[in-house]
Every structure is written in structure tokens, then in C-alpha cells.
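Colleague: I am new to this structure and would like to go through it with you. Could you show it to me before I begin with my questions?

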Amino acid sequence: MAIFFGLLFINAQNTFNIKGKVIDFHDKVPLKGAEITLGKSTQLSDENGNFAFKAVKKGNYTLLATHPDCNSFSKEISVNKDLEVTVQLEHHIADIETITLHAANKNASTIIVKTLGRSEIERNSTENLGNILSGISGVGALKSGNNVAKPIIHGLYGSRVPIINNGVKMAEQEWGVEHAPNIDVNQFDHVDVIKGAAALKYGSDAIGGVVVLEPAILKRKDTLQGSVNLSGISNGRGLGLAINILKTWKNGWAIKTAGGFKKLGDLKAPDYYLQNTGLQNNSFGFTVQNNTYLQGISFDYSTTNQEIGIYRGSDLGNLEDFYKAITTKIPIYQREFSYKIENPKQDVQHHIAKISAFKRFDQLGKISVDYNFQYNHRKEYDVRRGELAQIPSLDLELFTNQFNINDLIERENWSLETGIDLKYQFNYSTPETQARRLVPNYNQYAGGIYSVLKYRFSPEFNAEASLRYDVTKFNVKKWYDLNVWESLYAADFSKFYVKTEGNRVFTKPDLVYKNLSFNAGLQFTPSQHFGVKLNYAKVGRTPNIAELFADGLHHSAAIIEVGNLGMKNEDGHQFNINFELKPPIFENFSLNVNPYLFLTKNFITEVPTRIQNTIRGVFPVWSYQQINAEIFGFDVDAEVKFNNFLQYRGNFSYVNGQDKTNDKPLILMVPTNFANSLEFNNEKWRNIYFKVQQQTYLQQKRFPVFNPTINIFENGEQVEKTLDLSTPPSTYTLWGLQTGFDFSKNFSAGVNVTNLFNLNYKDYLNRMRYFSYEMGRNVIFHIKYNF
């Protein structure tokens, strides 16, 4: 018996039990159905991620774990006692969804996001960013001609709507109403528009919203692919070219390059050519990266170069011509079609160099570090004579350094994202223009810290809160006219005074602004048929350099701008609600309604105040002012899928802006508008699609009145005339068509027609509407080769 029990004891010491748990690496969620192999035995993890092996003989083994959409996990273990093992798998598909705003925030966040996908970008590859986004409900475009367009979200634009280019916050003299974003949309996979001030991660100045341009996620596999998209453009007799080439390796290395070219001649209104409205634009981008799930590093460089003609009829030399231009249907300046770009024009270069890296830690989460350098060189040419014609009237160089460190910790029911932003910016305005500097030389130092917490109480109920604190400092060198300084600023800002030379005063303003912003949001989805998002944000925004110091003729905008050194921080409260309805009686129908309200103190607005006749011509004077304001409105989006091939989409937008200080409407609010489209698409029939779309803008009935009187000569006699600079254009409806198909495995073609019926109309948000009609019919044919 002693020998028998001794043998049992020896055998027991040679077998052991192993139990463990399989979890997702980044959020620690248990993974069900993982296959765990130990020697010749295999187990599946249960719904809690648990697995167990019993009576495992003593020895050395390889523990192998696999799960769909995950990298396999293997570990050498020595079995000489009972063991407990935790297996963390790299869940790639889930990771891709969480790192893109496009997927994560649309589905599981209180942020309200609308997205333009890759197919929509390709169909409109020759359009600029502002015009493409204007098809989204609640989004418009502030224009200076058709080639210069800035996005407007819920009535707000410029510095209040930052643009994020592949993680880089664009710094490109964005305060200018006629400064088009230096973006080639063809280099991105999708564009997300965040409505409202909820995304504090991108800055406290994002009061209107954020435009986020995301490149495609590069897959880890050995492949070479690319595309060439060639477009012909009827209006402007232009050409567009976009090339993308990508080489990836299974080990995580990737090299991507992209380039674009676009050239247009004079655009054409239905009845005449728009003199000097040509465009030449080229872009280039390059990326090299090595990314795995656990860590990665990337270097990105991109550049754009734009030469944009400004409509010749907007630069007028006397009051008589100015009055005639805004009261007649026939342009003062006309010529036959030409590709020549003359003065007035813009010549803008923008460069971005970025290096970024990340590493995932078991407990600390994903830590990312990004540094980018931007160089923006803007030259604007006025109509001047002699040697001055070759010298820009405005010549600005902007150097921007930005640094961000971010930590994202994700768990099963919550995530916490914390980061620090640092920025140094230097602006140089050369005196060689021999014209008054519109904005002065300055140094800007800025720092911000933010934290975003998301918590999931249940699959139906999510909450989100964020907090951000920013400090901004301006060191400025600025000349003032003596009478302006003494009448407006000498009493309150004497500490900035340096010296007086003749009738000019030299100053060195040193300004510091501090802002605390926060937001809180809830998402409740009680069923698949109904969901609601509610978001509140307390926001603060620092005035930009033009709002503080603009002083002179802005040639390409054809206005004189005047800033105010006494500007304070904007301070406001914003409410956003989004209702999503999918009635059970009609499963293929969805409806989204987004009402919003913005109450703000010290709101900065730019309004016309007078007409000034200068030696360079006649121009309206627009002055920056601070008021109390209220903006409210709502967006509606509807979608019906009749079957697998036919789909209807419609949207409606209304915005109401009121100057509470002066009891009058805010200027440049997007008119009430609605759009409808019907699309047929069949992937089995060579991916053919056909889309008809309509967009209607009603006449803006709410506008501030500024109709100055002027004295001009008619038939040798001086007469008094009233300039109607206020009344918005009439209601108009535009129709368009899109169609295309794949005519082989690698080739596809399409046609896009805008302003189908060649309608004469004017856009209230186009600063050139006083001088001409909008562009007429445009037919764009494109052919694409994929390899």
C-alpha cells in the first residue's frame, strides 16, 4: 500500500492545471471564441474569455491563441506547477474602427458627425473643399468667386471652423474670408464634419465645428496599388489630374505618394465670360511609415501651390464705375476666353512636414506624440501700374510649429483621452509691398491641455465630458495713424506706445488671453428605431490677428478691413440635440433632426460701415465689432432605400442669427435651403450609377441694412445715388446629374453636370455677387485607372 500511494503522489506532482483569460489588448474586453492550443489539446474561450486545461503533464509547451480579426499569440511556458495565464490579443479590426473619427464617433459618441466617403470625393474630384462640403445639411460655403470657398457650419466660419489635415490643425491665415483652404481633397479617404463645439480635443476656437480630413488606413500586406484620375472640365476649359501610388509590406512598412494638378481658364456665367477667373493648382504629398498594432512611426510631407485669378470687375477705380457695376447686368470689364491670370490675383504656397509616433502600453494606454511644421506664403496682387504691378500688395509669410502629446486609455466601459497642445507661430509681413500692411508682424505662443472622458453605462446609454484650458499670447509690432491711436487707444493702451514718427505711432502690444471650455453630452438609444444625442458646451475663443489688428485694403476681397485692439475673448453657451428615427413600419427609412442654439457674449462680427474712395479705387470698409449674439436653427436629413438599387436622400437647413446688442440680424447667415437626390446604383452591372440632384436656396429675408448714399456725375452733373449693398439675391434652384460605370476591371468613367439648366443666379454668400452672376453650366468628364 505504501508503494501504491507513493506512485499516486509521484503521478500527481507530474500533472498540473492551467487556466487563463483572453482579453483585447487595448480595452481589456474579454474575447469569446478564441482558440487556445497547448500541445495536442485545444480549448475555446467562453463568453467571459476564460479557458482551462486540466492534468497537463510537466514539461515545456507552446501556448498558441487565435481569434478572428486578431494577430495570433504564442508564448513558451514551463509547466511545473499550476498556472494562471492572461492572453492579450491585438484586435486589429476593432482598433481601426476606434482610431478613426469616421467610425467611432458616428456610432458611439455624443458628437454629431456627417461624413463624405471616398466615392463622393472621387465623383467631385475637381471641386474645392468648401464647395464639396456645402452639400451637407447645416454646412455652407463663404465664397469670393467660385474658386475661393470656405466652409460655414451653423452660420460660423473662419477661425471658428478649424480644418484638421491628417491630424494637423491647418495654419494658413485662415482669418481671411477669401483665403481658400490649401487642401487637395483627392489625397483623403473621407471627410468628417463635426457640428458644434463638442470636439474640444481640436481646440477651444472650434465653436462652429471641425472639418477632419482622414487618409486611408494602410493595411499590412505585400502589395503595390494606385490610381490615376483624369478630368476634363467644360466651364473654364480645364483639366484635372490626381495620382495616388501606395506600396505596403506585411511587416508594417508603407510608402505612399500622391500628386494633383488642376488648370482652368476664365469661367463663364450663362451670358458672358468672367474675366480673370482662371486657376492653376498643384499639390504633392508623401508618406513613409512603419506601423504595427503596438507601435508605429510616420513621416508625412505635403505641399500645395495655388495661383487664383480674382474677378477683374471687382476692382474699380471710381464711384461711377462702382455704382454701374452693382446696378447693371453687363460687366464693365469683358474679354474673350483666356487662360491668362492677371492682377488682381492670389499666389499661395503651403507646406506641411509632420512626424508622429505612438506606442501602446498595457496599463498606460496608447501614447502618441506629434510634431508638425507649416509654412504658408501668401501673395496678393492688386491692379497697379508700372513696376508696382509686379510687386504684391500683400506679402505674408507664416511659420507655425505645433507639438501634441496624447494618451488614450480604453477599457470595457470607459475611455480617457488626455493631451497637451503647444504652438509657436511667427508672421512676417514684408514692407517691400510699398502698401500698408493689412496685418502686422507678430509672434504667437499658445498652449492648451485637454481631457475627454467617455463612459458607457449600458449598450443603450453613453455619456461624454471634456475639459480644456488654453493660454494664448501675442507679441506684436504695429504702426497706427496718429489720429487713430490718440482717439481710440492712447488712453487705455499707453503701455504699448514706443514712439511717434510724423503722423504715425509705433507700438508693441503684448496681449494674453485665457480660456476655459468644457462640454458634456449624452447618447441614449433605447431601440434600433430611435436614438437621441444631447450636447452642451461652454466655449471661449481668443480673437484672431485680423480681428485685433487688420488695417488696410484687402485686395482679393475688394474691401478695406479695420480691426480693434480692444477685442475681448468670445464667451458662449452652445446646445446641440440630434434625434434619429427609424420607424419599424418602414425599416428602409431614416430621419435625423438636429436643432441647435448658440448664446454668446462678445461675439466678433465683421460688418460694412462705410464706402471709401482711395487712390487705389473705391472699396467698402468692413469693421470688426463685438456684440452679444444669438444663433439658432435646425438641420433635417432623410433617407429612403426603396430597394438594393434605388435610394432617395434629402436635407433641409435653417439658421437664424441675431445681433442682440443692436437688435438686427447677423450678416452672412446661410439662407434657408433644401436639397433632394435620387440615385440608382447597381454594383453587378459594372458598378453603374445614375444620380439626379436638386438644391434650392430661398431668399434670405433676415439681413442688416447698409445702403450708403454717394455722389456721382451723370451727364456732367453731380447726382446722389443709393448703393444697395444689403438686399440678398432672389430664390434659385440648381439641378445636377452624375453618372458613371466600370467599363473594365481597371477602368471607370463618369460625368458630372452642375447648373444643368444654365441658370443666371447670385449667391448671397459670394462676396463677388455685387459684380457678376455665378458660373453657368459645367460638364465634368473623368476617367480613372486603378492598378
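Colleague: Which residue in E21 does Ser356 stand opposite?

Modeller: Ser356 stands opposite Asp370 in E21. Please keep in mind that this is a predicted model.

Colleague: How many bridges do E20 and E21 pair over, and in which sense?

Modeller: Strand E20 covers residues 345–361 and strand E21 covers residues 365–381. The pairing between E20 and E21 is antiparallel and extends over 17 bridges.

Colleague: What do E20 and E21 form, and how many residues are between them?

Modeller: E20 and E21 form a hairpin, with three residues between the two strands.

Colleague: And which strand do 15 bridges join to E21?

Modeller: That is strand E22, residues 394–410, which runs antiparallel to E21. As an example from this pairing, His377 has Glu397 in E22 as its bridge partner.

Colleague: Let us turn to Gln425. Which strand does it lie in?

Modeller: Gln425 belongs to strand E23, which spans residues 414–429.

Colleague: Does Gln425 count as buried or exposed, and why?

Modeller: Gln425 counts as buried because its relative accessibility is 5%, and the cut-off for buried is under 20%.

Colleague: What does the side chain of Gln425 make a polar contact with?

Modeller: The partner is the side chain of Thr400, at 3.0 Å. Setting aside neighbours within four places in sequence, Gln425 is in contact with several residues, including Ala171, Leu398, Phe399 and Tyr442.

Colleague: Which residues lie nearest the centre of the largest cavity?

Modeller: They are Thr126, Glu127, Asp184, Lys262 and Asn281, out of 27 residues that line the largest cavity.

Colleague: Which element gives the most to that lining?

Modeller: E18 gives the most, with four residues. Elements that each supply at least two residues of the lining include helix H5 (129–133), strand E15 (223–233) and strand E18 (279–291).

Colleague: Finally, what is the order of the open sheet of four strands?

Modeller: The order is E3-E2-E5-E6, and the pairing is antiparallel. Its edge strands are E3 (41–44) and E6 (73–79), each of which pairs on one side only. From one strand to the next, the twist averages 20°.

Colleague: How many bridges join E2 to E3?

Modeller: Four bridges join strand E2, residues 35–38, to E3. Within this pairing, Ile36 has Gln43 in E3 as its bridge partner.

Conventions:
Residues are numbered from 1 along each chain as its sequence is written. This is a predicted model: local features need pLDDT of at least 70, side-chain atom pairs count only at pLDDT 80 or more; totals for chains, interfaces and linings use all residues. Side-chain values use heavy atoms; hydrogens and water are left out. Two strands pair if DSSP finds at least two bridges between them. Axes are lines fitted to C-alpha atoms, for helices over the stretch in contact, and angles run from 0 to 180 degrees between N-to-C directions. Buried means under 20% relative accessible area, exposed over 50%, partly exposed in between (1.4 Å probe, protein chains only). A polar contact is a pair of N or O atoms within 3.5 Å; within protein, one must be able to donate a hydrogen and the other to accept it, and residues adjacent in sequence count only if both atoms are side-chain atoms. Contact means heavy atoms within 4.5 Å. On a 1 Å grid over the protein atoms alone, a cavity is a set of points where a 1.4 Å probe fits but cannot get out, and a pocket is an open set with protein on both sides within 12 Å along at least five of seven lines; lining residues have an atom within 4 Å of a point.
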